Amino acid sequence: MAKTVGDFVWERLGQWGVRRVYGYPGDGINGLIGALDRAKETMPFVQVRHEEMAAFMATAHAKYTGEVGVCLATSGPGAIHLLNGLYDAKADHMPVLAIVGQQARAALGGHYQQEVDLSALFNDVADYVQQASVPEQIRHLIDRAMRIAQGERKIACLILPNDLQELEAVETPPHAHGTIHSGVGYAAPRVVPEPQTLQQAAEALNAGERVAMLVGAGALGATDEVLAVADVLQAGIAKALLGKAAVPDDLPWVTGSIGLLGTEPSWKMMQECDTLLMVGSGFPYSEFLPKEGAARGVQIDRNPSMLSLRYPMEVNLAGDSAATLRALLPLLKRKEPGKWRDRIGGWTEDWWALLEKRAMQAAEPINPQRVFWELSRRLPERAIIAADSGSTTNWYARDVKLRRGMMATLSGGLASMGSGMPYAIAAKFAHPERPVVAIVGDGAMQMNGMNELLTVARYWKEWSDPRLVVMVLNNRDLNQVTWEQRVMGGDPKFLGSQSLPEFSYAAFAELAGLRGIAVDDPERVGPAWDQALAMDRPVVLDFRTDPNVPPLPPHITLKQAQAFMRSMFGEPELGSVLANTARQVASRVLPKRD
């Protein structure tokens with residue numbers, strides 16, 4: 001049998017180092033699916049339950065490996081389904097290649113079934129979108145798409161009409177005018193700012209007496225360099241959510257997350273610092289950074305468009321985080337240990353003690369904070385966390401202590417609900433030898449997580465370490481929005497939009513051939529984690545938690561306090577909300593005027 005275009009697509013991607021594709025079949029990609037069957041030993045296909053999940057998995061693969069993630073969908077509705085996961089990749093600057101089918105070339109423009117203008121559809125989310133017309137194009141389209149995705153950390157999309165996929169491949173285009181002869185391979189450059197700019201940055205940092213660092217996803221590969229610079233500058237380190245794994249939480253001068261989901265020490269440090277060093281972060285909420293003019297600023301980012309975007313920086317360093325910090329380090333003057341680090345350490349010590357106290361407060365039946373506090377002390381070495389968007393994100397951001405060697409991520413810029421399960425599955429395929437914990441709310445679980453448990457049930461025996469623990473915060477409420485309505489809008493909980501159907505996620509897991517553990521007793525939270533992390537197969541931990549434990553922000557404004565009090569008029573769960581809030585709010589956490 002002659003090699004088809006479909007065969008050549010997977011062969012060429014294999015030459016680029018691609019070893020897995022996530023997708024869902026359809027007649028618009030029959031030629032590609034048939035070729036995948038022939039290439040299954042070198043290019044495994046992971047069949048998901050919905051194309052959106054394929055795009056999320058490709059994004060997560062990129063986050064957990066640094067490689068290009070690849071997803072596959074059929075024409076029309078299948079291609080449309082990819083969009084949310086691809087926008088997740090775009091928002092977090094992840095390299096992803098989407099391959100989509102299209103109707104036969106002769107039918108295009110004729111209002112044919114499932115004919116969609118895919119070039120226009122993907123034009124906003126992808127920086128490289130091309131529809132192939134002839135086999136001679138395939139080689140250079142794949143090469144350019146992969147190089148753009150890998151080198152520029154962007155989305156590429158290739159549209160392949162279904163009849164083209166079955167044609168005989170052309171591996172070497174004719175040596176003639178109008179043809180392109182591309183090649184495989186990309187090596188990332190080492191980007192470092194000019195010496196003069198580095199010296200300017202060093203002068204600003206050396207002059208500071210109270211230096212604060214904010215690190216994000218761009219610092220994930222620069223842990224040693226970040227810690228070395230912080231040590232020389234005697235700086236504290238706050239972390240944007242995507243940078244939670246950049247530095248370990250067991251250091252007294254690491255203040256944890258920043259923002260609405262952040263910690264009080266991070267808030268205090270940003271309010272009292274005189275110098276801010278921002279490394280690899282696009283943290284969007286400027287109100288949690290120093291007031292403009294209160295601190296001198298230095299920023300490092302490989303993407304020039306992200307420089308001086310959140311705070312007016314004095315010195316902007318366009319470069320790779322690790323390489324730039326290494327170049328900067330010899331220019332810095334070592335500061336003597338002093339009151340600044342001591343104050344940060346004191347704030348952090350008090351904060352962890354307060355979090356433990358809050359986690360152990362009574363609730364009906366389980367305080368959600370306790371679920372995360374008990375997990376934190378039990379996380380296995382080299383564990384990987386896949387978090388979702390929702391109220392679970394609050395407790396993940398604040399209560400979970402990460403150690404060196406762990407990985408953790410989530411949908412950051414897009415903050416898309418329903419990403420936790422596909423992220424966890426991609427983590428297991430990328431690192432089958434490592435334990436993975438998915439942190440998911442019941443809303444996200446009902447949205448698509450339950451379906452993806454079937455994907456887990458299908459593939460888990462391929463993983464060398466079968467431990468995949470899916471933690472479901474079962475509070476019967478779309479809880480993040482409920483609290484946003486109370487605190488931001490001043491509205492009581494609207495049961496019609498916020499309440500979720502009762503469901504046993506543990507029982508569903510058992511039906512799928514996995515393990516399910518239902519917990520409604522706070523004293524069983526810790527033992528349940530122990531049991532789940534010792535299982536010989538994936539398990540769903542179904543924690544029945546109280547929806548009315550408030551996710552207190554690190555700084556409560558007068559406006560927020562007033563909105564919350566207004567929302568209590570007509571609040572259908574008034575007694576529970578007030579009782580839990582009273583338990584959580586310490587005397588030192590009072591509303592403050594802006």
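Me: Which residues do ring pairs link into a cluster?

Reply: Rings of Phe, Tyr and Trp (its six-membered ring) pair if their centres lie within 6.5 Å; planes under 30 degrees apart count as stacked, over 60 as edge-to-face and the rest as tilted. Here, Y22, F429, Y459 and W463 are joined into a cluster by ring pairs. Bear in mind that this is a predicted model, where local features need pLDDT of at least 70, side-chain atom pairs count only at pLDDT 80 or more, and totals for chains, interfaces and linings use all residues. Numbering runs from 1 along each chain as its sequence is written, and side-chain values use heavy atoms, with hydrogens and water left out.

Me: How many aromatic pairs does that rule give?

Reply: The count is 12 aromatic pairs. One of them is F503 with F508, tilted at 55° between the planes and 6.0 Å centre to centre.

Me: Why is the pair of W529 and F543 tilted?

Reply: Their planes sit at 40°, with ring centres 5.7 Å apart, so the pair counts as tilted. W529 is in helix α21 (residues 525–533) and F543 in strand β18 (residues 539–544), so the pair ties together parts 14 residues apart in sequence. Helices (H or I, at least four residues) and strands (E, at least two) are DSSP runs, numbered from the N terminus.

Me: What about charges: which ring does the charged end of R486 sit over?

Reply: The test is NZ of Lys or CZ of Arg within 6 Å of the ring centre and within 35 degrees of the ring normal. R486 has its charged end over the ring of W483, 4.6 Å from the centre. For K244, the ring is that of Y396, at 5.4 Å from its centre.
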